[in-house]
Amino acid sequence: MSEKYLIGVDFGTLSGRAVVVRASDGVQVGTAVTEYKYAVMDRTLDAGDGQKLPPEFALQNPSDYVDVLGEAIPNAIKDAGIDRDDIVGVGIDATSATVFVTDEDGKPLSEYDEFKNEPHAYVKLWKHHGGQDQADRIIALAEERGEPWLERYGGILSSEMLFPKVLETFEKAPHVYEKAAHFVNLVDWVTWKLTGELSFAASDSGYKRMLTDGEYPSVEFNEALAPGFGDVFEKKMNAPIKQLGEKVGTVTEEMAELTGLPAGVAVAAGNIDAHVVVAGANAVKPGQMTAIIGTSGCYVINSEEYHAVPGVFGNVEGGAVPKLWGIEGGQTAVGDVFAWFECNSVPEAYEQAAREEGKSILDYLMDKAFEQEIGEHGLVALDWLNGNRSILSDARLSGGIIGLTLQTTPDEIYRALMEATVFGIRVIVENFEEHGVPVTDIVAAGGLLKNRHFMQLLADITRKPVSVSEAEQTGALGSAIFASVAAGVYDDVYEAAEKMAQVKENAYVPNEEAAAKYDELFAIYKQLHDYFGREETGIMYKLKDIRARAFEESAK
């Protein structure tokens, strides 16, 4: 009998990657990546007329995702050198909530001439924060009415979620809302494209579409939010729900021609790009916190019982793996913070020194930053350069650094930003534990695994042992694991993860001496966190308001 293979496709923020893995052991045998042509449109509408976009916008062009299907998948199959007829299943994961506006057949409205220059007709990326006012109103009304579903989201609601984005479109671009037949997240749009069958993944719906115990927010609630918005779920977001590992349908003839996949291959329900790593890293036991750390950070922990945890991004039964409650916290920027600093704040002298030593600027910065003793830089930073997701869930918060002097060097600031990021993770961990969800250990995946200094910081500051996924593409592997269940290769995701995941246990362990020193800095971070995040949010809000007014003036 010939070996069976699975395809996992991971749609990220800047690119999409396809991998081919062996079903028997999860070993990757082929891969390919397609960079998005338009990437993130957060300043100008490059796919349209180039108009200047308002602050907090982050849009994408749907054609970029189609390019991934038509390029990355066939190239990955070619790279694997396998017979395509040996492929038995396809799984996808994607950034979420990344929201499409489509017609009845799934064609994005941005592809219509009448909407080519309308920002609200384009895909609103996960980090689009244009609906913050709508998110605030949803929370206020839910609190006023005592809506029970609000507790599942930690009593807060991020502007990143689907609901505020759809309300934003209803209010800011009613002509787009009226024309829309469907508002659908990227995870479901891709499986719809592959199979011709529109369905909503249960996990994504629970975390991002407000589906709670099989029900959405009521017509009465939605109408109270905005007259005419009451039937949004019934008319604009009404599709069958599919569970993790369930088959959505099979690859159509048309999509077989585009992707190089065999027609009739099983397609699994889609999953959130971070959550799929839980299976990909075999972090499926209660108490194991999966840390997916890349451009942003997502932290998912499984619990046998439901616990109300404030400040989380969702608490969904079967949200990450079947039969367990998946509880999510997150940070809107991690690697993005470091990239921002590298692009904007490194002097030429450092660039020259790095070249002379034959190092990348990143390695040079890291080496200099960690020559110092803990606390020697005299700095504490707030990591909210793209707002705060957990536990404050406030996109209007912003970053800061305290302790700067004329002697402060770029590498010291860089290290302070790294420490602040891990302090933010510790806040999330302690919030889980304070509300009845113990964290026994951390299983890490994502682009920052290659940064050994960051990973040791994670162990020291949280005082948790850190295991790491050794799979080259853990997210795409996780999608392939769910595809294996949809295709009938394995009976359930627990068996599949045990067979297919590759993890190095306890790769980093806490250094108690270092941990004690970081405690002192963390105490200051927590003071700043609570002061600017809870007591004096008005300071940061006012700065954002001034910026918005200045934008409006410059746009006139």
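Predicted model: local features only at pLDDT ≥ 70, side-chain atom pairs only at ≥ 80, totals over all residues.
Local features need pLDDT of at least 70 and side-chain atom pairs count only at pLDDT 80 or more, whereas totals for chains, interfaces and linings use all residues. Residues are numbered from 1 along each chain as its sequence is written, and side-chain values use heavy atoms, with hydrogens and water left out.

**Exercise 1.** Determine how the axes of helices H14 and H18 are oriented, and which residues meet.

*Solution.* Step 1: identify the helices, which are DSSP runs (H or I, at least four residues) numbered from the N terminus, strands being E runs of at least two. H14 covers residues 410-434 and H18 covers residues 512-535.

Step 1: take the axes, lines fitted to C-alpha atoms over the stretch in contact, with angles from 0 to 180 degrees between N-to-C directions. They come within 10 Å and cross at roughly 75°.

Step 2: classify the angle (under 35 degrees roughly parallel, over 145 roughly antiparallel, 65 to 115 roughly perpendicular, the rest oblique). H14 and H18 are therefore roughly perpendicular to each other.

Step 3: list contacts (heavy atoms within 4.5 Å). Residues of H14 including Phe-423, Gly-424 and Val-427 meet residues of H18 including Phe-522, Tyr-525 and His-529.

Step 4: sort by class, with Ala, Val, Leu, Ile, Met, Phe, Trp, Tyr, Cys and Pro as nonpolar, Asp, Glu, Lys and Arg as charged, and the others, Gly among them, as polar. The contact of H14 with H18 has seven nonpolar, two polar and six charged residues.

**Exercise 2.** Carry out the analysis for H12 and H13.

*Solution.* Step 1: the axes of H12 (residues 348-356) and H13 (residues 361-369) come within 9 Å and cross at roughly 100°. H12 is therefore roughly perpendicular to H13.

Step 1: Tyr-350, Glu-351, Ala-353 and Ala-354 of H12 make the contact with Ile-361, Tyr-364, Leu-365 and Lys-368 of H13. By class, six of these residues are nonpolar, none is polar and two are charged.

**Exercise 3.** Describe the largest cavity, its volume and its lining.

*Solution.* Step 1: on a 1 Å grid over the protein atoms alone, a cavity is a set of points where a 1.4 Å probe fits but cannot get out, and lining residues have an atom within 4 Å of a point. A search of the whole structure finds one cavity of 30 Å³ or more.

Step 1: the volume, the space filled by probe spheres set on points joined across faces, edges and corners, is about 60 Å³ for the largest cavity.

Step 2: the lining includes Trp-384, Arg-389, Gly-424, Tyr-525 and His-529. It divides into two nonpolar, seven polar and two charged residues.

Definitions and conventions. 1 Å grid on protein atoms, 1.4 Å probe; cavity = no way out; pocket = protein on both sides within 12 Å on 5 of 7 lines; lining within 4 Å.
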